[in-house]
Amino acid sequence: MIGGLFIYNHKGEVLISRVYRDDIGRNAVDAFRVNVIHARQQVRSPVTNIARTSFFHVKRANIWLAAVTKQNVNAAMVFEFLYKMCDVMTAYFGKISEENIKNNFVLIYELLDEILDFGYPQNSETGALKTFITQQGIKGQHQTKEEQSQITSQVTGQIGWRREGIKYRRNELFLDVLESVNLLMSPQGQVLSAHVSGRVVMKSYLSGMPECKFGMNDKIVIDKQGKGGATDEAGKSSGKQSIAIDDCTFHQCVRLSKFDSERSISFIPPDGEYELMRYRTTKDIILPFRVIPLVREVGRTKLEVKVVIKSNFKPSLLAQKIEVRIPTPLNTSGVQVICMKGKAKYKASENAIVWKIKRMAGMKESQISAEIELLPTNDKKKWARPPISMNFEVPFAPSGLKVRYLKVFESKLNYSDHDVIKWVRYIGRSGIYETRC
Amino acid sequence: MEWASQLCENRHIGAKMTDSKYFTTTKKGEIFELKAELNSDKKEKKKEAVKKVIASMTVGKDVSALFPDVVNCMQTDNLELKKLVYLYLMNYAKSQPDMAIMAVNTFVKDCEDPNPLIRALAVRTMGCIRVDKITEYLCEPLRKCLKDEDPYVRKTAAVCVAKLHDINAQLVEDQGFLDTLKDLISDSNPMVVANAVAALSEIAESHPNSNLLDLNPQSINKLLTALNECTEWGQIFILDCLANYTPRDDRESQSICERVTPRLSHANSAVVLSAVKVLMKFMEMLPKDLDYYGTLLKKLAPPLVTLLSAEPELQYVALRNINLIVQKRPEILKHEMKVFFVKYNDPIYVKLEKLDIMIRLASQANIAQVLAELKEYATEVDVDFVRKAVRAIGRCAIKVEQSAERCVSTLLDLIQTKVNYVVQEAIVVIKDIFRKYPNKYESVIATLCENLDSLDEPEARAAMIWIVGEYAERIDNADELLESFLEGFHDESTQVQLQLLTAIVKLFLKKPTETQELVQQVLSLATQDSDNPDLRDRGYIYWRLLSTDPVAAKEVVLAEKPLISEETDLIEPTLLEELTCHIGTLASVYHKPPSAFVEGSRGVQHKRLPVRAGSGESSESPEASQAVGAVPDTPPPAVIPSQGDLLGDLLNLDLAPPTSSGPPQVPSMPMGGMDLLGGGLDSLLGGDLGGSPAMGGGLASAPAPAAAAPSLAAPASGLDMLFDLGGGVGMPTGSFVVPKAIWLPAMKAKGLEISGTFARRGGVLQMEISLTNKAMSVMTDFAVQFNRNSFGLAPAGPLQVLTPLSPNQTTEVSLPLSTVGPVMKMEPLNNLQVAVKNNIDVFYFSCQYPISILFVEDGKMERQVFLATWKDIPNENESQFQIKDCHVNSDAATSRLQSCNIFTIAKRTVDNQDMLYQSIKLTNGIWILVELRVQTGSPGCMMSVKCRAPEVAQLVFQCYEMVLKTSSEA
């Protein structure tokens with residue numbers, strides 16, 4: 001199991017050091033600094049073995065988090081734990097920075113004492129942790145016995161992510177379907193790979209211990225219902241598009257065995273914001289934009305670039321924050337750009353022409369052309385021509401996913417599914433959206 | 001949410017004014033000041049002081065001198081202060097064991113506290129204080145806490161047992177904590193169960209043979225129930241523990257798999273990987289024809305692909321594991337090639353791993369896509385990545401034969417970029433391609449030679465030198481090229497030196513006349529001027545080989561190379577099996593067994609995949625499935641097993657060249673070559689080895705073995721044979737001759753069609769060839785060469801095509817053969833691989849010769865010898881054949897066979913059956929004894945063949961069949 005956990009600043013100074021196992025000595029702290037942080041060559045693996053001691057590290061801005069062990073630990077678990085640690089810290093004091101860590105070091109030690117015991121991760125849900133570890137210190141001195149046992153049963157219980165007795169005057173929930181669409185296209189317009197990775201993020205402000213059921217246009221479910229009989233619902237849904245989900249993963253509140261057997265998504269949600277599910281689709285993706293590049297080398301000192309973008313969705317919808325990034329060679333001396341829409345600039349420091357368009361409706365097209373002057377070099381190596389990348393945001397889900405329902409049941413309190421105010425929003429963003437040129 | 005963030009802000013500001021300042025105190029006399037503050041009456045001041053102490057501790061300052069003062073602060077009702085003191089205690093108790101005792105009372109008291117959080121804190125901290133005296137006091141509070149009414153305390157106590165075990169294993173056993181821990185597996189609270197499982201698993205690891213975990217169907221059932229209810233971390237502990245269980249039969253295995261599969265949808269990648277581990281392991285026990293087996297395989301792919309959208313560090317762990325899974329069960333991900341395509345901004349460690357998996361998944365179906373990708377990668381910036389991509393192209397060529405040509409042309413394109421490391425890497429892989437597909441892509445050698453000067457890495461230089469040596473006969477200036485390397489011999493790395501030595505020796509064996517000086521130079525450099533024992537040894541071996549037995553030298557140096565494996569760096573099957581049991585862990589990331597990086601007894605235990613017991617209806621026997629389990633889906637071994645023992649027999653029987661029957665030839669040229677060398681060696685050796693004169697003498701007097709070289713007498717005999725051709729088939733002087741068959745169609749040889757047959761005429765072996773020019777241009781400069789073959793057939797003279805061959809013209813050529821060429825067993829035995837060259841190209845084909853051409857004229861055995869030999873040859877060497885439908889009497893058979901040098905020694909008649917006893921001698925001196933039974937009036941005969949080399953029996957039978965049948969038809 002994890003033998004120790006260290007946090008360093010960018011210089012390699014230790015900010016937090018907590019050792020859980022006897023086999024990890026103080027020298028381990030220095031070994032990581034010398035061999036990884038101060039290494040002359042960039043370290044090329046997130047797992048490093050130095051003198052039979054293994055170091056796992058992740059970096060957040062300038063901060064290094066390292067877990068150390070001498071045993072054959074579950075490596076995936078260690079990384080998951082390090083990410084979780086970052087989440088917990090962010091939930092307590094915001095951005096992970098040297099200053100914030102120094103300011104909260106006592107709190108961090110308390111958290112580390114609680115969420116790792118002898119190197120075994122324990123309950124790390126912030127919802128539960130915040131009931132007894134706060135930034136002012138530990139609650140507990142002035143609690144009643146009932147309160148204390150409520151805390152402990154929540155921390156160890158089956159529903160460790162939600163406390164009892166939550167009350168809202170207005171029961172409300174927000175569902176965000178956030179998708180990032182990834183594309184790799186060949187210069188000829190052939191889709192080399194495309195997939196959507198999506199997340200359903202839920203903000204729940206519900207009283208009591210509500211039982212929820214979430215439904216979407218999952219092909220498997222809809223096909224099953226279609227077979228079930230000619231009910232009204234089935235008749236309606238067969239008219240709608242359903243989508244094939246390659247794979248999905250759920251927050252730990254979702255009953256996985258129920259999903260496995262009936263493919264229904266039921267759960268008691270944590271309070272506040274959390275990620276209900278992640279999913280991945282590869283079929284029938286709506287690619288919101290198509291990039292058509294044309295690069296021509298005119299002699300050794302000039303390049304001509306023309307890029308056309310076409311929007312491919314309903315004309316009534318508007319895409320926002322469109323940015324096209326056209327890479328330029330390192331020996332570029334000057335660039336002249338002409339674009340029909342938006343603003344384009346050559347950014348020498350980034351070796352790219354950045355073309356920004358604020359808004360663009362569906363089924364439109366726009367074009368940019370640029371002349372790139374090159375300095376003659378004697379470098380034999382050809383320019384690698386990185387792909388043209390694109391950023392955008394569209395108000396629909398490129399995978400075609402639709403939320404069909406989210407039902408809320410709370411039998412003990414007197415509110416019903418109809419009383420809950422529900423909001424659904426779809427946002428599609430570009431992930432790695434690249435076209436080779 | 002808003003109130004929360006606002007609160008955060010406030011606290012943030014509050015914290016700013018307090019905590020970070022502790023890091024800044026670096027004055028002298030600090031310890032002294034702190035001491036005073038710690039002993040202050042004011043609570044707040046005390047707390048501040050302890051915080052400063054912890055901050056100093058964190059940055060590595062030694063604050064152990066403050067031990068008594070800090071411990072004094074422990075008796076407080078301020079929980080925060082208490083926690084800080086505990087933190088300090090855990091760090092320094094070991095260095096101050098006597099004073100640590102002072103803390104015991106407080107711990108014991110805290111373990112009785114009404115607040116469960118404080119009870120748990122006390123028992124948690126106590127376990128971390130590794131001082132024997134304190135450990136003794138720990139036992140009683142721990143026992144109580146293990147049975148505490150509060151689950152939070154119980155789950156903490158469960159881990160504490162593992163802590164205590166780490167300090168004093170005996171104590172844990174004596175106090176009976178292990179049993180209490182086992183009871184906790186049935187606890188009502190899932191987190192207690194999970195921690196108990198984790199603690200027990202850890203303790204069990206250090207007692208490999210104990211039956212601590214005692215997993216049985218009942219306890220497994222409890223674990224599986226807890227799995228649905230506990231935290232993500234608890235699920236990992238339970239799944240990792242489950243993976244150690246071996247189900248009793250396939251049904252139990254299936255039911256566990258069914259209950260574990262829902263975990264594949266968990267958001268936590270570690271849960272997913274641990275579930276994959278359990279499934280991969282238990283799947284071994286499922287019969288492959290089971291529907292469920294197929295379903296399970298299908299279910300595994302999507303979650304594995306999903307892991308690739310996790311954070312990069314986790315992707316890395318996932319990819320390392322997928323690498324194992326792809327080797328173990330390639331079918332799972334074979335359609336998922338695209339997800340492993342490298343993204344431009346993937347971290348380098350992810351890129352390199354993806355590339356590895358891409359090559360593993362490459363197949364004929366997806367090779368076009370893969371190659372297009374690899375070509376992209378080869379233009380990236382990261383040198384390591386580019387190199388690996390280039391290497392990957394080579395590996396694709398070797399793995400997917402259909403793609404070889406495209407791979408080679410891609411590599412040539414890359415060489416044209418002139419990027420130094422790309423060129424070098426490409427040359428290294430082209431060498432492997434040459435080895436895999438000999439005689440196919442040599443046309444690119446010229447391009448490679450152009451880049452000779454830019455090679456500065458040993459591996460690339462060595463590869464290039466190998467290519468030059470291997471194809472010395474096709475590279476006109478091979479000697480110059482190698483000579484250029486020789487100039488800086490001593491500055492080269494060992495790898496290059498060794499390769500250079502071998503290459504020059506190869507060159508010498510191929511072109512002895514021109515390269516004599518060169519070989520002497522390299523031998524002396526390697527033996528006299530080098531400190532490297534490997535180089536010296538190899539030098540001496542070559543030297544002696546060349547001076548004593550050039551034929552042997554040729555056989556050694558130009559030996560057939562074993563085939564190179566399609567899959568490189570595959571993990572060895574037993575290791576792969578062990579690593580499969582460690583999916584998700586560090587072992588699977590390092591691809592090393594835990595024993596390679598874990599100290600002590602922990603994890604040294606080797607894990608094995610379960611073996612499917614033959615319980616079900618499946619017909620597979622346990623042994624068979626064991627074999628399947630042990631070496632599943634592994635490709636054939638990398639090196640083709642060496643030639644069978646038979647060849648040794650064939651060779652050993654008689655190595656001396658045939659005496660009277662051999663073709664009349666004078667191996668003059670090589671003889672001269674050897675002489676020259678002999679002299680040279682003599683003088684060279686004289687200075688170095690004391691005994692060398694004898695060696696030199698031996699060489700001079702040795703009967704110069706004929707290295708396959710054109711004989712001067714051959715043209716004449718070749719012409720003679722042309723006349724013979726007119727005589728046609730069945731002439732009494734010659735043996736039976738098979739009609740000509742097309743050996744090389746014009747399509748495959750740029751318009752040259754070759755047909756031919758073999759014959760033995762007047763004791764001379766010959767190959768009769770018709771060359772037809774079906775191309776548009778004139779062909780000239782014909783030459784022929786044979787690959788080594790079972791009986792050492794080699795051209796005894798050059799291929800005599802007197803005039804240029806015009807389009808649509810056919811010429812008949814007869815090529816005399818000798819049987820003293822290099823020997824290598826072929827499959828089938830009578831296979832002959834031939835290379836024919838003309839002004840256009842070199843073409844290769846293989847043909848089979850009838851064994852009868854090898855029957856020598858003096859094959860008649862004495863009767864007594866025959867009898868003795870017949871008895872002498874063991875009965876298992878006897879083969880029997882039946883020749884059907886041949887209407888021939890024994891006399892006719894005798895005479896017809898005689899014309900093929902099959903001699904009848906005796907004849908016996910029993911019950912209307914004629915028994916003919918016949919002997920045959922092959923060119924290499926092997927005797928074949930035959931008993932032929934001819935039934936008068938019946939259309940068939942029986943034959944038994946006895947020979948020390950039983951492999952030839954089948955060929956002899958074919959020969960008999962053909963001779964007897966053809967003649968009976970005539």
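Q: What is the count of salt bridges between chain A and chain B?
A: In this predicted model, the count between the two chains is 12, where a salt bridge is a side-chain nitrogen of Lys or Arg within 4 Å of a carboxyl oxygen of Asp or Glu. Over all chains, the structure holds 69 salt bridges. Local features need pLDDT of at least 70 and side-chain atom pairs count only at pLDDT 80 or more, while totals for chains, interfaces and linings use all residues. Residues are numbered from 1 along each chain as its sequence is written, chains are lettered from A and ligands numbered from 1 in the order in which they are written, and side-chain values use heavy atoms, with hydrogens and water left out.

Q: What makes Asp22(A) and Arg130(B) a salt bridge?
A: The closest N and O atoms of Asp22(A) and Arg130(B) are 3.0 Å apart, which lies within the cut-off, so the pair qualifies.

Q: How much area do chain A and chain B bury between them, and what does that value stand for?
A: The two chains bury about 9,300 Å², 55% of it on carbon and sulfur atoms; the value is the accessible area (1.4 Å probe) that two parts lose on being put together, summed over both. The contact, which means heavy atoms within 4.5 Å, takes 98 residues from chain A and 114 residues from chain B.

Q: What span is expected of helix H6 of chain B, and where does H6(B) bend?
A: The expected span of a helix is 1.5 Å times one less than its number of residues; H6(B) (residues 97-110) has 14 residues and reaches 20 Å from its first C-alpha to its last, close to the 20 Å expected. H6(B) bends by about 35° at Ala103(B), the bend being the angle between axes fitted to the seven residues ending there and the seven starting there. Ala103(B) is also one of the buried residues of H6(B), which include Val104(B) and Phe107(B). The buried residues of H6(B) pack against helices H4, H5, H7 and H8 of chain B.

Q: What makes Lys510(B) and Glu473(B) a link between distant parts of the chain?
A: Lys510(B) forms a salt bridge with Glu473(B), the closest N and O atoms being 3.1 Å apart. Lys510(B) lies in helix H27 and Glu473(B) in the loop between helix H25 and helix H26 of chain B, 37 residues apart. With relative accessibilities of 25% for Lys510(B) and 40% for Glu473(B), each counts as partly exposed.

How values were computed:
Helix = DSSP H or I, 4+ residues; strand = E, 2+ residues; numbered from the N terminus. Buried < 20%, exposed > 50% of the residue type's maximum accessible area, 1.4 Å probe, protein only.
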